[in-house]
Amino acid sequence: MTQLTKQQEAKIKELLKEMTLDEKIGQMNQESVSIVGGFDVPFEELIEMMTDGRISQEEFENIMSNAKQDYHEDDIRAGKVGSLMVQEPEKVNELQKIAVEESRLGIPLIFGLDVIHGFRSVYPIAIAEAGSFDTELFEKTAQMAAKESRAHGVAWHFAPMIDVARDARWGRVSEGPGEDPHLVSEFARAKVRGLQNDHSTPENYVAACLKHYVAYGACESGRDYNTTSMAPHILYNNYLAPFKAAVEEGAQTVMASFNDLNGVPCTVNPFTLRKMLKETYGLQGFVVSDANAIRECVVHGIAADEPEAGIQAANAGLDMDMGTGIYRDHLKKAVESGEVSMEVIDEAVERILRVKMWLGLFDHPYVPAELIGKYEELPEENKTLARRSAEESIVLLKNEGNILPLKQDAKISLVGQLADSREEVIGAWAISWKEKDCVSIREGMESRFDSVEYFPCGGPSMDLNEEDIRKAGEYGDVIVAVVGELVSMSGEASSRADITLPGQQRELLAKLMATGKPVVAVLMNGRPLALGWEAEHVPAIVEGWHLGIQMGNAVAEVLAGDVNPSAHLASSFPAVTGQCPIYYNHPNTGRPGGKSKFTSRYLDAPFDALYPFGYGLSYTEYAFSDLNVKETDDCLNVTVYVENVGDREGTEVVQLYMRDVTASIVRPVKELKDFRRVSLRPGEKKEVAFTLKKQDMGFYNNEGEYRLESGEFRIYVGGNSRDCLEVSMTLKF
């Protein structure tokens, strides 16, 4: 955190002295805009009724037409609100004026919002963007999102989402940067820098909010909101690591996760919130709950009622309540009874005020008039960056017979429900976009190629059209089939027990293959899919994910060869769903998976991933040679040569892994330690150098102690986690 001035620190201390208990608790209360009137049930139940089909979308909209929005103006005026979720700049200024000019102490509000992968200029979902392995890109897209949202009054992003996720059944795997703690940590650091570090003007930075703290990505069976249980060394080495890195980078705030961890919900968990996050890692800002999470502690069964849940949360170190009103309604009585100390309240409020002061809200509370409407039409530079991020996030999984890239004059049959949808390029948890900014794959293809005909044929929620399939086979020299998931099939509350292609899309691909024309499958999805059949039968597969507003252009450029795909997978892909959870950096067993029956394997499926972490092809080929490792007093200097042995310029992601062969805790078979993006002309050969600090070769044991243990280590370098050069050596620490 950037240090506050002495005057700012004094201002915070002065405010704390002047504030009443009600005003202090008000700072700990975040409100959402309430929807009132026009219906006979609570708004939350109305949403559930629409979601589960009890009322239609049309009926919901008719009901809502008679509803009103309550912005809690009277509570703001009374100092009972510290934060709101609003993104209309005029309304932000109106509410901020009440807080600053009409409340007793004039403390500004902080407006927060989920800005997971872009505000107006939506860029790829995190699992896709992480596959670029481009930390400079991570930083730039975050910076763009910060500027756009600040122009709408949003100074606090509930992002980055940095849950390590190893089970593709979990819907929220789409929102995070994958399965590897090191890549997730580097992603987290870069996003924090991009969101927070440009202080040239208050309108250029926001407060990051790391989520979901902690181990939410390990929810049992991949089912959202589910329980999480794990040994301490797994928690420390994998799930806490990205949060530690991001706090070290200066992240301002953290959001506690819904799940319980080893029996204690993270919302009321003093070990994770107070001991680890605040005391050990040194978070200077504040912790907010996830939506409704304090109330849900009663349902968890750890609190008897809402007042008790509020007491547990406050004492555990949860500083702000998102949306339940439990702090507002019950915390004063808990302080008066001695169940929550005034020191706990003062610490929480001071943390909140520090973040508001750091954001410049006391001096610059309003959205400047010149910024209102600035992003109604997106600047070209923002669209260009969104396009670059989409291009760098596309993974080539298979290209049998070099079907790709496609020729300019090829007759292309473009197939699939998803190909002609603008709203489906956006991905889960994008909430501030406009359809006019989005480019569908159909639009991108028709703009780039001479002869494209579109045939819907089928899709994730569409039956097969045999006539369309016949016409597609007759027209095209090649068939480009866009298949995958609807946006609604990934993200929060979107876990899937079967992660094969939904609907009749596998049958669609089979029928297209039967036409005798070459088929290219372009995937649009928010999670790794089980692609065993597709990998066996479809000659070319392109992982397109949900790439944001410029998806159509980016996909067309990759298929045309204007852009040579360079992304690598941030998560392993299974052959079948039953392999989940599957991840490359697993511990060994006493009987590692192999061909023998009595090993850690399946009878009816492979024991390893179909496409492993770090995997990605190119329109050229790369060769690795001459891996060399030299030891110094404090590090290993690792060098390797990588050569472009194909006929196209390209960029390879060179990946450094290690293994601690024998230790007091069983260690992973491989661990990513560093990576480099290396651009090479045809025939060009470059030396790539890494410095692996010995201090970074250790691990946390089950007591939370960091250990460096002497013994055999293996160093690997390659283009993915499976295919690597290897050097073995003995180190003494």
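Biologist: By class, which residues does the lining of the second largest cavity have?

Modeller: Its lining has seven nonpolar, four polar and two charged residues. Here Ala, Val, Leu, Ile, Met, Phe, Trp, Tyr, Cys and Pro count as nonpolar, Asp, Glu, Lys and Arg as charged, and the others, Gly among them, as polar. One caution: this is a predicted model, where local features need pLDDT of at least 70 and side-chain atom pairs pLDDT 80 or more, while totals for chains, interfaces and linings use all residues. Residues are numbered from 1 along each chain, and side-chain values use heavy atoms, without hydrogens and water.

Biologist: How many cavities of 30 Å³ or more does the count come to?

Modeller: Rolling a probe the size of a water molecule over the atoms shows where empty space is left. A cavity is a set of points on a 1 Å grid over the protein atoms alone where a 1.4 Å probe fits but cannot get out, and lining residues have an atom within 4 Å of a point. A volume is the space filled by probe spheres set on the points, which are joined across faces, edges and corners. The count here is four.

Biologist: How many disulfides does the structure hold?

Modeller: A disulfide is a covalent bond between the sulfur atoms of two cysteines. With a cut-off of 2.5 Å between the sulfurs, the structure holds zero. For Cys209, the nearest cysteine sulfur, that of Cys266, is 14 Å away.

Terms used: On a 1 Å grid over the protein atoms alone, a cavity is a set of points where a 1.4 Å probe fits but cannot get out, and a pocket is an open set with protein on both sides within 12 Å along at least five of seven lines; lining residues have an atom within 4 Å of a point.
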